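Hello,

Here is the structure we talked about handing over. Please open it and keep it beside these notes.

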Amino acid sequence: MKLSKLLERSEYTLIQGTEDTEITALVYDSRKVEEGSVFVCISGAAFDGHKFVGQVIEKGAKVVAVQRDVEVPNGVTVIRFDDTRKALAEMSAAYFGYPAEELTTIGITGTKGKTTITYMIQSVLEHAGQKTGLIGTIETVIGEERIPSVNTTPESYVIQESFRKMADAGCKNVVMEVSSQGLMLHRVSGFTFDYGIFTNLAEDHIGENEHKDMDDYIRCKSLLFQQCRQGIVNGDDDYVERIIKGHTCFLETFGMNPGNDVYAEHIERIQEPGYLGVSYDLKGKEEYNVHVDIPGDFTVYNSLAAISLCRHMGIQKKDVLDALNTIQVKGRLEIMKTPGEYTLMIDYAHNAMSLESLLTTIRKYDPKKIYCLFGCGGNRAKARRYEMGEVSSKLADLTVVTSDNPRNEEPMDIINDILVGVHKGPGEYVTIPDRKEAIRYCMEHAGKGDIVILAGKGHEDYQEIKGVKHHMDERDLIREIITESV
Ligand SMILES: CC(=O)N[C@H]1[C@@H](OP(=O)(O)OP(=O)(O)OC[C@H]2O[C@@H](n3ccc(=O)[nH]c3=O)[C@H](O)[C@@H]2O)O[C@H](CO)[C@@H](O)[C@@H]1O[C@H](C)C(=O)N[C@@H](C)C(=O)N[C@H](CCC(=O)O)C(=O)O
Ligand SMILES: Nc1ncnc2c1ncn2[C@@H]1O[C@H](COP(=O)(O)OP(=O)(O)OP(=O)(O)O)[C@@H](O)[C@H]1O
């Protein structure tokens with residue numbers, strides 16, 4: 001491929017060499033450079049790619065893409081960009097033959113609900129016979145292939161590579177989570193989303209290496225609506241006006257208020273032993289009764305987002321209803337079957353904000369008792385331990401404090417920090433450091449009408465202890481406990 005092909009949609013300055021250079025690969029990690037590569041220098045959090053220019057030329061790189069001056073011998077082509085991350089995205093799109101143009105692209109941003117809505121949409125579209133790729137916090141799904149994720153929104157090159165594989169595998173659509181970091185770092189530049197969805201916003205991801213403040217977090221999230229054709233936004237969210245500020249797309253709103261284009265009325269919480277769900281009347285641009293096999297008020301919002309999108313895509317009501325009726329998202333309010341008369345669920349709530357929203361939602365089901373089991377990660381901010389402890393003690397009847405990736409810390413030290421928060425609330429508690437034993441305790445003590453929440457692990461299938469990730473899937477633990485008890 002000629003370099004000129006890669007550059008056809010980018011703005012750049014040719015510093016030396018020629019766009020006629022034949023290239024073999026597009027690379028942004030010096031360790032992967034091969035003879036004939038284009039090396040894109042990224043100034044990152046830990047490394048500055050410009051420092052590797054000498055090394056990559058020795059390894060045979062023919063072109064370097066830079067955003068500042070570098071010393072380069074004659075014979076190597078140098079192209080300069082204002083922002084090499086944006087350039088990487090644009091060149092990746094060109095390198096893989098603009099695969100986004102062969103797919104309907106759906107991006108979902110917001111503080112909570114991204115993963116859940118992503119799977120809801122994929123499930124509805126697949127139900128309607130449309131093969132749909134997925135990229136998110138848990139994994140990238142391309143047909144039968146499932147690749148575990150490192151980031152919620154991967155690097156632009158990886159996204160374009162996945163899009164290409166999806167298009168070649170016959171996918172019609174791709175639905176993906178778009179993190180604010182992804183938007184900020186141009187991981188989703190180089191193409192226009194057909195649809196952008198905004199779920200909600202709360203203070204999160206602010207700090208070193210993420211966003212400097214809330215304004216920056218909001219600004220980054222709002223970028224999606226300057227990069228999609230049709231926006232579908234939660235009209236009830238306090239931040240929605242700031243999210244759509246400067247938008248360049250058409251807009252439609254969803255929510256619980258009748259002012260929204262699509263809204264929910266007559267919400268009913270459905271509860272039976274081992275089952276929690278929700279139903280409501282859909283109103284506005286489309287009207288029918290909806291039943292979702294996932295509990296909670298936020299399930300109403302999540303499903304409204306999915307329904308609004310599917311309405312735009314012309315999906316039949318039957319496919320929407322059938323998919324939502326049977327949906328389960330791994331580790332997101334995932335109900336586990338047990339012989340007991342209580343309800344047991346696995347959820348990913350791993351900070352005070354999501355735990356509070358989860359417990360408040362579950363309380364509305366009027367359980368006899370809520371058991372809330374969780375731990376906090378080692379070698380991470382201590383504030384989360386105090387805050388989660390306090391929230392659980394205030395909103396659950398019994399807090400079961402256990403371990404969750406203790407890493408290099410002693411599990412009991414972490415538990416003691418959590419207890420500082422627990423003591424601020426009125427709830428009862430027990431401490432059981434071994435997670436399996438803690439789960440067993442809940443399953444042996446919970447009775448009719450109780451709801452047991454295993455919080456924090458969600459889809460994760462490991463426990464990280466002293467640098468080693470030991471396999472540990474709560475679903476297996478539950479099955480083992482059931483077997484061991486007969
Ligand atoms: C702080 C941050 O965002 N870091 C991300 C970023 O790393 P970076 O580009 O800064 O990389 P770096 O390690 O400094 O290296 C700079 C450049 O030098 C290159 N390099 C490096 C070493 C070397 O020997 N040779 C070499 O060429 C690297 O390939 C890179 O191109 O780009 C990497 C590739 O895309 C990401 O994996 C990495 O995510 C880190 C691990 C991370 O987890 N970030 C979090 C904050 C994040 O992105 N989270 C969001 C979810 C949160 C939200 O909802 O907003 C997400 O989307 O996952
Ligand atoms: N719309 C929502 N509003 C508030 N909380 C939600 C919503 N949807 C799900 N949750 C809660 O937040 C947790 C995370 O949900 P989900 O993974 O779908 O969100 P996310 O945006 O992908 O978040 P994260 O970036 O933390 O993975 C769920 O396990 C549930 O407890």
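Below are the ground rules, then the findings by topic.

This is a predicted model: local features need pLDDT of at least 70, side-chain atom pairs count only at pLDDT 80 or more, and totals for chains, interfaces and linings use all residues. Residues are numbered from 1 along each chain as its sequence is written, chains are lettered from A and ligands numbered from 1 in the order in which they are written, and side-chain values use heavy atoms, with hydrogens and water left out.

Start with Asp-404. It sits in the loop between strand E20 (398-401) and helix H13 (411-422). Helices (H or I, at least four residues) and strands (E, at least two) are DSSP runs, numbered from the N terminus. Asp-404 is buried, at 7% relative accessibility. Buried means under 20% relative accessible area, exposed over 50%, and partly exposed in between (1.4 Å probe, protein chains only). The side chains of Asp-404 and Lys-457 make a polar contact of 2.9 Å. That term means a pair of N or O atoms within 3.5 Å; within protein, one must be able to donate a hydrogen and the other to accept it, and residues adjacent in sequence count only if both atoms are side-chain atoms. Leaving aside neighbours within four places in sequence, Asp-404 is in contact with residues including Gly-375, Arg-435, Lys-457 and Glu-460. Contact means heavy atoms within 4.5 Å.

Next, Thr-137. This residue lies in the loop between strand E7 (132-135) and strand E8 (139-142). Its side chain has a polar contact with the side chain of Thr-152, at 3.2 Å. Another, of 2.9 Å, joins the side chains of Thr-137 and Glu-177.

Now the cysteines. How many disulfides are there? The count is 0, where a disulfide is a pair of cysteine sulfur atoms within 2.5 Å. Take Cys-249: the closest cysteine sulfur, in Cys-228, is 3.8 Å from its own, too far for a bond. Cys-249 is buried, with a relative accessible area of 9%. For Cys-442, the closest cysteine sulfur is in Cys-372, 9.0 Å away, so it is too far for a bond. Cys-442 is buried as well, at 0% relative accessibility.

Please check these spots in the viewer first.

Best wishes
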